[in-house]
Amino acid sequence: MYSIKLHSALLKITCCALLTASPAFTQSVPLTAGSSTLGDSTKGGPLDLGKMWTFDSPPSAYFKKTYNFTADEKWFDEARLASLRFADYCSASFVSANGLVMTNHHCARESGTGVTRKGEDLNATGFFAKTPAEERKVDGLFVDQLVKLQDITKQVQDAMSGATSEQAQLQAREQAFSVIKQEYGTKEGWKGLELQTITFYNGGRYALYGFKRYTDVRLVFMPELQLGFFGGDYDNFTYPRYALDCSFFRVYDGGKPLQTTHFFKFNTNGVRDGEPIFVIGNPGHTERLKTVAELEFDRDLQTPATIQMIQNRSVALQAYNVTAKNDSVLNEIFSYENSLKAYGGQLEGLRDASLLARKVVFENQFKAAAKAKNLPTDQLKTWDELAANTAQLRSLFKDANYLGPSERTMGELLTFANVVTQFSELLATRPQDAERARSLMVTPEVKSMTLEEAYLAAHLTEAQLGLGNDDPYVKAALTGANGKRLTPKEAAAYLVKNTKLTDPAFVSELSTRPNAAAASNDPMLALARIGFPRYLSAARQARQISQKQEVLRGQLGRMLYDVYGTAVPPDATFSLRINDGVVQSYDYNGTKAPILTTFAGLYDRNYSFADKAPWNLPARWKNPPMELLKQPMCFISTNDIIGGNSGSPMINKNLEAVGLAFDGNMESLPGEFIFVPDRNRTISVHTGGIIAAMRYIYRADRLVNELTGTPVTAKPKPVKK
């Protein structure tokens with residue numbers, strides 16, 4: 001399939017730099033910074049930055065002050081060493097001395113189903129290895145254990161300080177990262193580790209992490225898709241919840257199960273209302289240090305456009321899959337629908353005047369505190385400079401967003417047409433790049449013309465709404481033969497039917513004659529000649545501005561650290577964090593949410609929807625034992641999590657696993673830019689529920705014994721209908 005990434009690399013173009021925001025930093029803490037308190041949590045302030053603490057600066061004093069709980073260095077070390085990063089997209093943990101690893105089912109869907117054998121459908125049947133010999137190695141899967149941490153802030157910031165431009169500063173930073181990794185890669189205790197540089201506070205602090213990587217990882221247990229994703233997208237980001245979103249793998253070392261002393265023992269006795277709970281995992285990305293000006297940009301332009309794009313592509317895929325019935329397409333639809341809810345919740349939060357008012361309060365507090373510390377004048381101008389750059393990005397947004405070539409936004413053919421116009425120019429003006437350009441000008445493989453037309457129609461609809469009917473690009477796109485005005489759908493059909501870009505001979509001719517694309521009357525190329533130069537100009541300017549923004553955000557991060565220190569943790573960067581919360585109900589939809597749900601609720605939801613998808617249940621679940629119905633299934637807490645935390649262990653003060661984080665409620669979705677604990681809830685699978693399912697439904701006795709140390713003897717009776 002044709003890839004825009006290859007051609008962007010050749011042309012050294014940053015595609016839609018407007019769409020990439022550098023990571024921010026999260027945290028909020030009812031502690032003190034210096035001698036002043038951090039503020040009222042109901043009115044806005046540093047508390048809104050969240051509670052994603054780093055292991056570089058463990059919040060021992062905060063835990064003592066807030067929960068009267070003493071967590072010493074040994075406690076934090078054990079919590080860190082028992083926790084894992086699952087591949088490059090999820091979190092996990094060791095839960096037995098024999099290398100047993102716990103993570104979510106939705107993390108296992110990508111890796112676990114890779115061991116499916118001929119004639120199997122593990123999504124339909126689930127999987128349990130009854131004996132060690134049946135545990136299946138997942139090729140390419142790895143888990144990382146964080147074993148070494150080193151502050152490298154001074155080396156990196158010193159390297160950047162001598163650079164005179166934003167681009168030079170960023171290059172100096174990357175060079176410093178490379179030098180540091182080479183240096184530590186030969187040091188005792190660091191040799192053989194996976195080394196990663198971590199950016200905190202947008203550049204306010206830097207660290208080097210050393211991971212022990214385990215590559216022999218085998219699937220042990222995974223429930224059916226109907227249980228792991230019970231309720232499907234309808235129930236996603238909602239509570240009460242009834243999903244058995246768990247799976248288990250095992251790490252092997254030298255062909256044998258890994259022996260480890262670092263693991264979280266299962267506590268199935270439940271959680272109490274108000275009990276402190278801690279989540280250790282790798283939250284992916286938050287932007288809570290963004291300025292008000294940047295958030296307003298997201299609210300007005302970026303997020304609505306993103307939602308529109310995702311929604312239109314999901315609709316196109318759903319229509320296509322009515323006949324295609326392709327599982328990979330279905331997974332893509334799931335992903336789009338999940339993103340729609342997530343972005344929709346973020347937009348709702350951005351449009352909530354009270355939340356944005358809280359951000360204004362914090363920004364003003366931060367400015368005042370920075371001035372009080374007598375920080376340099378050029379640093380105090382950072383907010384104004386960020387606002388000015390954001391205003392420039394607003395002026396570039398339409399061309400950079402609506403004209404950017406991408407297979408997922410405008411389809412294969414128009415994307416190819418955009419790049420061909422540039423290649424044609426290279427053939428004439430840059431002979432040194434001509435041969436490379438020719439080698440990449442290959443006829444795109446369009447797998448479905450139906451989907452191609454649908455994506456192109458969606459692009460033209462978005463361009464019409466975003467650019468306006470009088471825009472030259474829109475006019476050209478929606479004008480057919482003899483000047484007939486077309487709808488976006490009609491125009492897409494016309495363009496696909498009349499382009500020659502699917503003809504290898506035509507493409508070959510374009511690759512051999514300089515400026516051939518410029519002279520062609522092919523309708524796709526004619527449209528690209530109007531749109532691509534505008535996009536290229538906007539993207540190049542946006543790239544330069546984005547580099548300035550990245551450096552300015554680093555200055556803002558340094559000020560945040562200078563003012564609040566480690567009392568305010570950084571934004572999420574898919575690096576290991578520990579956050580705290582309590583088991584607590586909340587009011588919603590005119591009623592009150594229970595702190596936990598039970599398997600009885602699972603069956604009520606199943607019966608209420610007449611066993612129809614996505615609330616249907618596999619056959620083995622149809623006649624449950626009476627003992628199962630009263631067992632806890634999921635519970636809620638005030639912990640601060642985001643994407644990447646999937647699979648994070650939920651532990652108590654005794655370092656015991658009491659749950660497995662897998663989702664947040666709808667009210668948690670603004671957590672991308674603000675943490676509001678009175679609304680935000682983390683949803684976890686209860687460890688007691690995991691054991692109950694293994695014991696009463698899957699008869700996974702050896703796992704129950706491994707996790708609890710209790711032999712299984714009871715043979716429960718099923719409920720009679």
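Rings of Phe, Tyr and Trp, the last taken by its six-membered ring, count as a pair when their centres lie within 6.5 Å. In the predicted model described here, ring pairs of this kind link Trp-53, Phe-55, Tyr-62, Phe-63, Tyr-67, Phe-69, Trp-75, Phe-76 and Phe-278 into a cluster. Across the whole structure, a search finds 38 aromatic pairs.

A pair of aromatic rings is described by the distance of the centres and the angle of the planes. For Phe-177 and Tyr-206 the ring centres are 5.7 Å apart and the planes stand at 65°, so the pair is edge-to-face, given that angles over 60 degrees fall in that class. Phe-177 belongs to helix H7, while Tyr-206 sits in strand S11 (residues 205–214), so that distant parts of the chain, 29 residues apart, are linked. Phe-177 and Tyr-206 are each buried. An edge-to-face arrangement is found as well for Phe-297 and Phe-397, with 5.8 Å from centre to centre and 85° between the planes. Because Phe-297 lies in helix H10 (residues 292–324) and Phe-397 in helix H14 (residues 382–402), this pair ties together parts that are 100 residues apart in sequence. Phe-297 and Phe-397 are both buried.

Attention now turns to a strand and its partners. Strand S17 (residues 577–582) has six of its six residues buried, and is therefore largely enclosed by the rest of the structure. In a regular strand the side chains alternate between the two faces of the sheet. In S17 both faces are covered, with Arg-577, Asn-579 and Gly-581 buried on one side and Ile-578, Asp-580 and Val-582 buried on the other. Strand S16 (residues 276–281) pairs with S17 over six bridges in the antiparallel sense, and here Ile-277 stands opposite Gly-581. Strand S3 (residues 53–54) also runs antiparallel to S17, joined by two bridges.

Helix packing can be followed along helix H22. Two packed helices are described by the angle between their axes and the distance between the axes. Helix H7 (residues 166–184) packs with H22 (residues 523–564) at about 60°, the axes lying 9 Å apart, and the crossing is left-handed. On the H7 side, Glu-166, Gln-167, Gln-169, Leu-170 and Arg-173 meet Gln-547, Lys-548, Glu-550 and Val-551 of H22. Sorted by class, this contact holds two nonpolar, three polar and four charged residues. Helix H19 (residues 488–498) packs with H22 at an angle of about 115°, with 8 Å between the axes. In this contact, Tyr-494, Leu-495, Val-496 and Asn-498 of H19 meet Pro-523, Met-524 and Leu-527 of H22. The residues involved divide into six nonpolar, one polar and no charged.

Ile-674 is placed in the loop between strand S23 (656–664) and strand S24 (682–686). With a relative accessibility of 2%, Ile-674 counts as buried, because the cut-off for that class is under 20%. Leaving aside residues up to four places away in sequence, Ile-674 touches Asp-48, Arg-288, Leu-355, Arg-358 and Lys-359. From Met-626, Ile-674 is separated by 48 residues in sequence and by 43 Å in space, C-alpha to C-alpha.

Methods. Residues numbered from 1 in each chain as written. Predicted model: local features only at pLDDT ≥ 70, side-chain atom pairs only at ≥ 80, totals over all residues. Heavy atoms only, no water. Axes fitted to C-alpha atoms, helices over the stretch in contact; angles between N-to-C directions. Helix = DSSP H or I, 4+ residues; strand = E, 2+ residues; numbered from the N terminus. Left-handed = near helix turned anticlockwise from the far one by under 90°. Contact = heavy atoms within 4.5 Å. Nonpolar A, V, L, I, M, F, W, Y, C, P; charged D, E, K, R; others polar. Buried < 20%, exposed > 50% of the residue type's maximum accessible area, 1.4 Å probe, protein only. Pairing = 2+ DSSP bridges. Phe/Tyr/Trp six-rings, centres within 6.5 Å; stacked < 30°, edge-to-face > 60°.
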